[in-house]
Amino acid sequence: MDGDRQGIANRVLMALTGAVAACALWVLSEHWADPGIAPGLFVAAFGFVTGYASVALALAGPVPLPRALWAALLVVVPATALLSLAGLRYEVATEVLDRPHMLVAWAILIFFATPFCSVWAQDRSAVFRYAHLFETAWTLTVRYALAAVFVLGFWLVVFLSNELLELVEIDLLEKLFRTDWLAFALSGAVLGLALAVLHELRDRLSPFLVLRLTRLLVPVLLAVVAVFLLALPLRGLSRLFGEFSSAATLMTVTIAAITLISTALDRDRAHEVESPGLRMATRILSGLVPVLSGLALWAVMLRVTVYGWTPERWLAAYVAVFLMAYSVLYALSALSVRWTSHIRRINVGMACAVILGAALWLTPAVQVYRMSAQSQVERFIAGMAEATDLPLWQMQHDWGLAGRAALAQLETGADPVLADLIAFAREAESRYAFERDTLTVRRPGRVEELVDLMPVLPEGARLVAGDLAGVPDFRLETLAEGCRRLLPDGRAGCVLIRGAFMPNAPAEAQGMILARIDEEQVQVTYILHGSPEQPRLRGAFDPVREAWPTLSTEDLVAALDGRFTVGPSGVQALFLGDDVLTPGD
């Protein structure tokens, strides 16, 4: 009976803790833009309340609630101080809360530090023991995931109940949940209750099943990675290098591989994978991960070479370096006899390194805004970038004090075009508005720029300024942006292929323009010029597939290399790989 009472009391306390935490978050949301609160104070309050609620609820259960409440301070107080310190980089401190890479670093710091704190609160001598850290980390992850699912289920039941009662014209629930703070409080209470119950069921609901199922994915990922690496030399590197999304994909796969390897090796030798096939697959995957992380780092650095540094590229490079360290250490361990024990020790050391790296990101030791801004200024001064290529709006609105200082530096002795663009960047409320409003500034010389940038095929064909007379500003800007998205080999990201695609005009008066619209996709536009109502622009249609195709960067490379033909397909068409391109209606 005493045990039942203790269990009920623990559930009530956890529910109250969750409700109080959620109400505190509601109070913060209500005062998000309150001018009466100092921005620095609000950042500190946001960091403390959000972090404390997350860590305290995570610790409670394995750690008695009173001890969990004060132990959480060991993680949350330093994390809050670092977030407040990061806010000093901005003219208004609350701007830091709108910067995803800052919040990601802060969240990673808390996420990796919490298992150490939980183990320390239970047994201080075991804080660096891998078995305890591994089991604690996975238990916290599974508990939180299942508790979140339970909260979603709770609100689904509430929604269905409300819909049912409305059928008999009872809207009590709807009136009840119009009170915002009550919705927050209920969500927090349900989350706390779910975490308490899940801890009570820890003997029957452990991460053991999740780990056993997850490790079965090791051979699947190994097969995919092996196929990728075998196909890479055959398919070429043009699509891989220079594309930011490719780097992100490679890093995500690397993280997945590291996670699967860790789950296969479990907490200690007694629990690690025993099947010879799974064991060998895990070891081979450990040896291959450096190739993935190396390609990811290379892809990021190639983009930096072409476009310069930005905070996002600094974050990508930062993550890629950590993944490279993980991967190289894994691969070296895979060569040793006691490779599983080595990887477990590596995981503890790298977890500490990640915590330190996330903390440094939030301190002045890593000045991503200053370094990014200086990189863009140096590119412009060196003639590697035009005024229209610079991320001026981001420097003004996203890069804090360092970005604004860089704009002031650029403004000194700036030409009229750059001065106007900086003025637009300061006034524009959004990046879209800036890019839209500066089209009139960018128009002078745009036609000449396109004539200079755009390659024309076949050899001997020409593009002159008169061919683009009458093209709307926004279309010229789109084509120019495509040409400026250089390929990894330095060639322009566009090409004009002349051909007699329509029978009523010579080949010299028409053609297909291929231009990059992002790092992966290429848009095809048919252009016809030479009469008063022209040029006429329209999309390209594939009559074989009956679709309006969007090509890939590989298709653009093939076109620039001359691997295309122009021939009949009902009408004249551009044959490029598997695509048949004709002027659309």
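## Basis of the values

The model is predicted, so local features need pLDDT of at least 70 and side-chain atom pairs count only at pLDDT 80 or more, whereas totals for chains, interfaces and linings use all residues. Residues are numbered from 1 along each chain as its sequence is written, and side-chain values use heavy atoms, with hydrogens and water left out.

## Thr 114 in helix H5

Thr 114 is placed in helix H5, residues 100–122, where helices (H or I, at least four residues) and strands (E, at least two) are DSSP runs numbered from the N terminus. Its relative accessibility is 7%, so Thr 114 counts as buried; buried means under 20% relative accessible area, exposed over 50%, and partly exposed in between, with a 1.4 Å probe and protein chains only.

A polar atom of the Thr 114 side chain lies 2.6 Å from the backbone oxygen of Ile 110. Leaving aside neighbours within four places in sequence, Thr 114 is in contact (heavy atoms within 4.5 Å) with Val 55, Ala 58, Leu 59 and Leu 140.

## Helix H15 and what covers it

Helix H15 (residues 368–381) has 14 residues, which at 1.5 Å a residue should span 20 Å, and this agrees with the 20 Å between its end C-alpha atoms; the expected span is 1.5 Å times one less than the number of residues. The buried residues in H15 are Val 368, Tyr 369, Ser 372, Ala 373, Ser 375, Gln 376, Val 377 and Arg 379.

The elements covering these buried residues include H5, helix H12 (276–307), helix H13 (311–334), helix H14 (339–361), helix H16 (392–397) and helix H17 (400–411). After H15 comes Gly 383, with a positive phi near 80°.

## Backbone geometry in the loops

Asp 266, although not a glycine, has a positive phi of about 55°, and it lies in the loop between helix H11 (244–265) and H12. With a relative accessible area of 4%, Asp 266 is buried. Glu 546 is also a residue other than glycine with a positive phi, near 55°, and its loop runs between strand S5 (536–541) and strand S6 (551–552); Glu 546, however, is exposed, with a relative accessible area of 65%.

Leu 457 and Pro 458 are joined by a cis peptide bond, with omega about 0°. Pro 458 is placed in the loop between strand S1 (456–457) and helix H22 (473–484).

Conventions. A polar contact is a pair of N or O atoms within 3.5 Å; within protein, one must be able to donate a hydrogen and the other to accept it, and residues adjacent in sequence count only if both atoms are side-chain atoms.
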